[in-house]
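Good morning, and thank you for making time for this presentation. Please look at the structure on the screen while I go through its parts in turn.

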Amino acid sequence: MTAALEVRGLNKSFGGITVSKDINFDLRPGDRKALIGPNGAGKTTFANLITGIVPPSSGEIRLDGQALSPLGEPQRVRAGIAKTFQITTLFRRLTVRENIRLGVQERRRQGMRMFRRASGDADVEAEVADLLEQFHLSRFADLKVETLAYGQQRLIEMALTLALKPRILILDEPAAGVPSSESHLIIEAIERLPADLAVLIIEHDMKLVFQVARSIVVLVNGAILTEGTPQEIAADERVRELYLGARHE
Ligand SMILES: Nc1ncnc2c1ncn2[C@@H]1O[C@H](COP(=O)(O)OP(=O)(O)OP(=O)(O)O)[C@@H](O)[C@H]1O
């Protein structure tokens, strides 16, 4: 089966520094792939190359065989590539429901422009209710975002991103800043994502990575060191050195 997302020979340099080195990477429908690596390994840059925030120096990224290079960031979102919103983009004084409704309405507006398809308020509300349910946010629906725990705010971000109906979902540090007592909320939400969605998780929290990822890519100095199942990665001496070496010195 053709990969939904194919990255071939991707390179990126900032000035004289190469931050992405000859990256080859596939993401298929249903994948739960994690990208890990030490600070500065180039994980965020790789995500930014996929979403179109930064252009590559060379190489190619294709979605269903189509080169993404002509498309800017908003066009890639419309093509189905979405990265989680950051909390700063939530309207903190609006309720959870109002925030998610804005996301659904925005996607429908885009859709109408493209397909001239009319959609009623009832459809919007039904979709909002489904997203609230999926992320176990229904009981908080009419509370202001600012009153919720940080972990729940990160769930709202995820729900908003899902409102875009992406095919490729990039979760950029979904557990960052979330207290460990709330990290199960994030893990459960990832486990409940639609089965056919292609998911790439960039995360430092190894507990989360090993719990939700079915395959793990290790990036070091901009290059892929190895890719494997969680069991293979956990047993890989080079990876153990990377993560444990410093602590055992
Ligand atoms: N716009 C930019 N201009 C110049 N250098 C950059 C730019 N963006 C990133 N870099 C450099 O590229 C390298 C990789 O950064 P990147 O943020 O992609 O790594 P990362 O693996 O996501 O790190 P972290 O885990 O700390 O977030 C770093 O050395 C960084 O300083």
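Predicted model: local features only at pLDDT ≥ 70, side-chain atom pairs only at ≥ 80, totals over all residues.

Which residues surround the ligand? They are F14, V19, G37, N39, G40, A41, G42, K43, T44 and T45. The element that gives the most to the shell is helix α1, residues 43-51, which contributes three residues.

I turn now to the chain as a whole. The chain holds nine helices and ten strands. Its radius of gyration is 19 Å, close to the 18 Å that the globule rule gives for 249 residues, and it is therefore as compact as a globular protein of that length. Along the principal axes, the C-alpha atoms fill a box of roughly 55 × 45 × 35 Å. Of the 249 residues, 36% count as buried.

The next topic is the sheet. Six strands form an open sheet, and their order is β6-β7-β8-β3-β9-β10, with mixed pairing.

Is β7 mostly covered or uncovered? The strand is mostly covered, since five of its five residues are buried, a residue being counted as buried when 20 or more other C-beta atoms lie within 10 Å of its own. In a regular strand, side chains alternate between the two faces of the sheet. In β7, I168, I170 and D172 point one way, while L169 and L171 point the other way, and all of them are buried.

Strand β7 has partners that we can follow residue by residue. Strand β6, residues 81-83, runs parallel to β7 and is joined to it by three bridges; K83 has I170 as its bridge partner in β7. Strand β8, residues 198-202, also runs parallel to β7, and five bridges join the two. Here the bridge partner of L171 is I201 in β8. Between β7 and β8 the chain crosses through helix α6, residues 183-191, and this β-α-β crossover is right-handed. Strand β8 is joined in turn to β3, residues 32-36, by four bridges, and these two strands run parallel. Opposite I201 of β8 stands A34.

Let us return briefly to helix α6, where E191 lies. Is E191 buried or exposed? It counts as exposed because it has 10 C-beta neighbours inside 10 Å. From C-alpha to C-alpha, E191 and D121 are 30 Å apart in space, and 70 residues separate them in sequence.

K165 lies in the loop between α5, residues 150-162, and β7. Its phi is near 50 degrees, a positive value in a residue other than glycine. K165 is partly exposed, with 14 other C-beta atoms within 10 Å. N221 is found in the loop between β9, residues 215-220, and β10. Phi of N221 is likewise near 50 degrees, again a positive value in a residue other than glycine. With 13 other C-beta atoms within 10 Å, N221 is partly exposed.

How values were computed: Residues numbered from 1 in each chain as written. Near = placed C-beta within 6 Å. Buried ≥ 20, exposed ≤ 12 C-beta atoms within 10 Å, placed from the backbone. Pairing = 2+ DSSP bridges. Right-handed = clockwise from strand over helix to strand, strands pointing away. Rg over C-alpha atoms; globule rule 2.2 N^0.38 Å.
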